[in-house]
Amino acid sequence: VVTASAPQRIGVIGGTGALGRGLAYRLSRSGASVTIGSRDAERARATAQSLGAEVRGLSNAECASECDLGVVAVPFDAHAGLLESLAAQLRGKVVVDCVNPLAFDAQGARAVPVPEGSAAQQAQAVLAASAVVGAFHHVSAQLLLDADLERIDSDVLVVGDDRAATDIVQALVDTIPGMRGIYAGPLRNAAQVEALTATLISVNRRYRTHAGVRITGV
Ligand SMILES: NC(=O)c1ccc[n+]([C@@H]2O[C@H](COP(=O)([O-])OP(=O)(O)OC[C@H]3O[C@@H](n4cnc5c(N)ncnc54)[C@H](OP(=O)(O)O)[C@@H]3O)[C@@H](O)[C@H]2O)c1
């Protein structure tokens with residue numbers, strides 16, 4: 001029976017990067033058991049140690065296999081190929097996709113088209129036996145990693161086709177002080193959620209900040 005309580009064993013695939021380290025640190029600080037994965041298990045172990053929290057480092061395959069809920073925090077270029085290689089380990093699990101398909105030029109960031117519609121839909125196409133949920137697209141890795149920051153004042157838009165899975169991810173977001181998980185529609189809404197990141201990057205550049213989103217009226 002799936003309940004909407006936050007999962008206990010979280011595996012961050014690509015967890016040696018900025019966002020992966022940030023989420024691993026914050027979720028572990030909120031009481032979850034977190035592992036981070038890497039193509040190089042030794043790099044994952046060294047990164048986990050540097051986080052100073054109770055995070056363990058493994059290969060991506062071990063990380064995907066040991067977790068109850070997987071988080072995908074890799075660049076879009078690496079996304080489909082890596083998920084194909086982990087489909088068996090992620091079978092039957094909730095998979096949170098944080099990937100923003102963006103390109104950068106002199107004007108800043110822009111959303112790039114994805115044949116499946118969005119990175120999250122691409123993940124669901126590859127991981128047919130997992131429940132893919134899009135979340136954490138707009139959260140700054142730097143804020144997540146700031147040990148002096150007790151609260152992160154931001155909503156997290158949660159998109160997905162499986163109600164039980166989006167409830168679980170909202171519950172997970174809610175464990176981070178200051179954050180709220182807000183249901184933002186089915187996976188087909190992921191494209192505009194991912195693309196909004198380009199707007200936030202423009203805000204960040206102009207105002208020299210780490211902007212987040214807040215939904216009013218909820
Ligand atoms: N940075 C942020 O603040 C932020 C916020 C929200 C969402 N995001 C999204 O989260 C994702 C990760 O962002 P990031 O800034 O953390 O990225 P990143 O640091 O560039 O990469 C994350 C990790 O992905 C792995 N990786 C890189 N290329 C790979 C490949 N070809 N195959 C397999 N694994 C590969 C690397 O781990 P190993 O080398 O150890 O395997 C790397 O440490 C992106 O899609 C981004 O759009 C980022």
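How far does a polar side-chain atom of T16 lie from an oxygen atom of the ligand? I looked that up first, and the gap is 2.6 Å.

**Ground rules.** I'm working with a predicted model, in which local features need pLDDT of at least 70, side-chain atom pairs count only at pLDDT 80 or more, and totals for chains, interfaces and linings use all residues. Residues are numbered from 1 along each chain as its sequence is written, and side-chain values use heavy atoms, with hydrogens and water left out.

I went on to the backbone. A backbone N or O atom of A18 is 3.0 Å from an oxygen atom of the ligand, and for A141 the corresponding distance is 3.1 Å. A polar contact, in my notes, is a pair of N or O atoms within 3.5 Å; within protein, one must be able to donate a hydrogen and the other to accept it, and residues adjacent in sequence count only if both atoms are side-chain atoms.

On its own the ligand has 890 Å² of accessible area, and the protein covers 72% of that. (Accessible areas come from the Shrake-Rupley method with a 1.4 Å probe; for residues, only the protein chains shown count as cover.)

Which residues come nearest to the ligand? I found T16, S38, R39, R43 and V74, out of 19 residues around the ligand. "Near" here asks for a heavy atom of the residue within 4 Å. I sorted that shell by type and got eleven nonpolar, six polar and two charged residues. (Ala, Val, Leu, Ile, Met, Phe, Trp, Tyr, Cys and Pro go down as nonpolar, Asp, Glu, Lys and Arg as charged, and the others, Gly among them, as polar.)

Where does the ligand sit? I have it in the second largest pocket. On a 1 Å grid over the protein atoms alone, a pocket is an open set of points where a 1.4 Å probe fits, with protein on both sides within 12 Å along at least five of seven lines. To sit there, a molecule needs more than half of its atoms within 2 Å of the grid points.

**N60.** I looked for N60 and found it in helix 3, residues 60–66. Helices (H or I, at least four residues) and strands (E, at least two) are DSSP runs, numbered from the N terminus. N60 counts as buried because its relative accessible area is 6%; buried means under 20%, exposed over 50%, and partly exposed in between, with a 1.4 Å probe and protein chains only. Its side chain reaches the backbone nitrogen of G14 at 3.2 Å.

**Two positive phi values.** F136 has phi near 65°, positive although the residue is not a glycine. I placed F136 in the loop between strand 8 (131–134) and helix 6. Is F136 buried or exposed? It's buried, because its relative accessibility is 1%. R208 also has a positive phi, near 45°, and isn't a glycine either. R208 belongs to the segment after helix 8, and its 76% relative accessible area is why I wrote down "exposed".

R188 is in the loop between strand 10 (179–183) and helix 8 (190–207). At 65% relative accessibility, R188 is exposed. I took two C-alpha distances from R188. L143 is 45 residues from R188 along the chain, with 28 Å between the C-alpha atoms. L143 itself is in helix 6, residues 141–145, and is partly exposed at 23%.

P7 comes in the segment before strand 1 (9–13) and is buried at 12%. Its C-alpha is 10 Å from that of V34, 27 residues along the chain. My last stop was R151, in the loop between helix 6 and strand 9 (154–160). R151 is partly exposed at 49%, and 28 Å separates its C-alpha from that of A191, 40 residues apart along the chain.

How values were computed:
1 Å grid on protein atoms, 1.4 Å probe; cavity = no way out; pocket = protein on both sides within 12 Å on 5 of 7 lines; lining within 4 Å.
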